[in-house]
Amino acid sequence: MGKKVGLLDLDLCGPSIALMTGLNETTIYRNEKGWIPLTTLTTPPFSPLAVMSIAFLLKNSSSAVIWRGPKKNAMIKQFLEDVDWGDLDYLLIDTPPGTSDEHISVAEALKHRADDVSAILVTTPQIIAVNDVRREITFCHKAGIPIVGIIENMSGYVCPHCSDCTNIFSSGGGQSLAELANVTFLGNIPIDPDLCESAEKGINYLNQFENSEASKRLSDIAGKLITQTT
Amino acid sequence: MSGDHPSDCVGIDSEQAGKAPGCAGCPNASVCASGKQFDETSQLVEIEKRLRSIKHILLIISGKGGVGKSTFSANLARFLASNESINVGLLDIDICGPSIPRAMGLEGEQVHMSSDGWSPIYIQDNLAVMSSGFLLGSLEDAVIWRGPKKNGLIKQFLKDVDWPPLDYLIIDTPPGTSDEHLSIVSFLKKCANLNGAIVVTTPQEAALLDVRKQIDFANRVGLPIIGLVENMSHFVCSSCHKESFIFKPTSGGAKSLSSSCNIQLLASIPIDPIIGKSIDQGIACWEENKESPAVLAYQSLSKKIIEMFPI
């Protein structure tokens, strides 16, 4: 698809993006325009991702970021204002769970570009997860952030021994939430241990397992997102 | 920069908090200087007084979201309370994402006030529940609050809930190492009956990474860790009965974390669809299948907890 993409991790207390993109640097450099994001090692046809996370600023990955709201907000503001992303088609912002400081801060900080901002909601199929996402929809409405659509993750698991599919976390929750909230349903992604393992090792799953069901679904969702946002 | 407070941070309890030379430039300085969160020694005393009759307070924590903290808290409460002579309370301080009402089959319940405080909701005579979910009008209602407001509600939950005499109070926390966690630990500072925290994780490194941070947090704020629980440890197929790993323990799982941090591994709970299903339906998981490996794992875990913290 050849888009230039940046990935910003705003989960300050539990950053996972560094691990999942295979970037374990602990130093960030600046130029005159601001912090320089790190880029992933990617083989064509995939373009490299520009990535920024608090993980790159921590000397020790085991030490906790014990910050109350105001400090988190200052960091978020800095991430949004002081990173030199260069030319990007898309900036994906990964947020922590909840509807609190981080979410309010990012919504406020991006207000001046409201026309370019929208949200993708990720849920798992079971009601207990869907209910939290319902609250997130309310947050988006109140913050005036349009919702591109809902993705259902961890949707069904195929046993590697007998190929029987089990809906470990129930099924269909994302779809029914989309209908209830009158939001586009972008698709579901099955549970795939290879996807999880690739994330753990910072490997590009779409490259390694391009024929898997989850890869197809992810590409399909990416295609829909591009159509919807251009 | 380091992930810590400024290196010369005097700490939130200091009289110099927010005013010391090192505080200049720290975004938290004004909050600390106002002393608002911690001015009230008398409030800590009040909390201690309110919770004094509880024998054991157990916090359920995990740095990571989605590892099953609320599922674990709900199940632990139910299994402990399956013995009629044990009185259990369950407090949900995940203000923005309260899952406990659904998990306990109490969605739509409202909190009532009495002259003695907020009445918790009783599932059975010996199991009482309190959650911010009970304060919301509908499932669509979002609590869009910054830290200080969340902290205020947590304080109220500790100070104003009219618990019956309890053997165990289980406190379910949100993910992270931020406001809620700092608050609950400082609010319970005077409570000698706070036994510590049970840390919930899943096997993969993405979860363990955050859990290590949570352990570091606990060590730094002086919160004892009771043990680790590995949730979603493996999957047993109901058709062929063979095991497989969905979340592969690429870095050794909770077992290696347990030995590297010298923390007891209390239980490994397998992935079992009946757990998710029973939580969604708000019923006890053993009503689905008494013999399921996950049910048995919970059973032996709750026995272990009772042995560790006798009533």
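Contact here means heavy atoms within 4.5 Å. Angles run from 0 to 180 degrees between N-to-C directions. With that in hand, turn to this predicted model.

Start in chain A. Helix H5 (residues 173–181) lies across S7, S8 and S11 of chain A. Its direction is at about 155° to S8(A). Helix H8 (residues 213–229) of chain A also packs on the sheet and touches S7, S8 and S11 of chain A. The direction of H8 makes about 170° with that of S11(A).

Now the sheet itself. It is open, with 3 strands in the order S7-S8-S11 (chain A), and the pairing is parallel. Strand S7 (119–123) and strand S11 (185–188) of chain A are the edges, each pairing on one side only. On average, neighbouring strands are turned by 20° against each other, direction ignored. Between S7(A) and strand S8 (residues 147–152) of chain A there are 5 bridges. In that pairing, A:Ala119 stands opposite A:Ile147 of S8(A).

Move to chain B and strand S1 (residues 56–61). Is this strand buried or exposed? Of its 6 residues, 6 are buried, so S1(B) is largely enclosed by the rest of the structure. In a regular strand, side chains alternate between the two faces of the sheet. On one side of S1(B) sit B:His56, B:Leu58 and B:Ile60; on the other sit B:Ile57, B:Leu59 and B:Ile61. Both faces are covered.

S1(B) has parallel partners. Strand S7 (residues 168–172) of chain B pairs with S1(B) over 5 bridges. There, B:Ile57 has B:Leu169 as its bridge partner. Strand S8 (residues 194–201) of chain B also pairs with S1(B) over 5 bridges. Here B:Leu58 stands opposite B:Gly196.

Definitions and conventions. Residues numbered from 1 in each chain as written. Chains lettered and ligands numbered in written order. Predicted model: local features only at pLDDT ≥ 70, side-chain atom pairs only at ≥ 80, totals over all residues. Heavy atoms only, no water. Pairing = 2+ DSSP bridges. Helix = DSSP H or I, 4+ residues; strand = E, 2+ residues; numbered from the N terminus. Buried < 20%, exposed > 50% of the residue type's maximum accessible area, 1.4 Å probe, protein only.
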